[in-house]
Amino acid sequence: MATGETGFDDVSYDLISVQYHALKAGHDYGQYVRDAENAGKQEIAAFFRRVMEEDSARAKQCHEFLKELSGSSDSGPALT
């Protein structure tokens, strides 16, 4: 399996990247929900909540995949 400059294989790096961006976005969405609620736009606030839940689920799935990889020789040296 190819290992990039980070010492992680490409799949692990990609999962970590998706997880990071999903978690970061989830933090930002809280403000978006408040903005929509303050503007009286409940339907939009509900949309942002759904997006936040989807990113949370995405981050959790990445975590599960990373746990699986950490138990294999495919994870790269940083995860073993």
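**Helix H1 and its surroundings**

Guide: Helix H1 covers residues 10–38, which makes 29 residues. Its first and last C-alpha atoms are 42 Å apart, close to the 42 Å expected at 1.5 Å a residue; the expected span is 1.5 Å times one less than the number of residues. Helices (H or I, at least four residues) and strands (E, at least two) are DSSP runs, numbered from the N terminus. This is a predicted model, in which local features need pLDDT of at least 70, side-chain atom pairs count only at pLDDT 80 or more, and totals for chains, interfaces and linings use all residues. Residues are numbered from 1 along each chain as its sequence is written, and side-chain values use heavy atoms, leaving out hydrogens and water.

Visitor: What covers the buried residues of H1?

Guide: Buried means under 20% relative accessible area, exposed over 50%, and partly exposed in between (1.4 Å probe, protein chains only). The buried residues of H1 include Leu-15, Ala-22, Tyr-29 and Val-33. Their cover includes H2.

Visitor: Is Lys-60 buried or exposed?

Guide: Lys-60 belongs to helix H2, residues 42–70. Its C-alpha atom is separated by 9.5 Å from that of Ala-22, 38 residues apart along the chain. Because its relative accessibility is 57%, Lys-60 counts as exposed.

Methods. Contact = heavy atoms within 4.5 Å.
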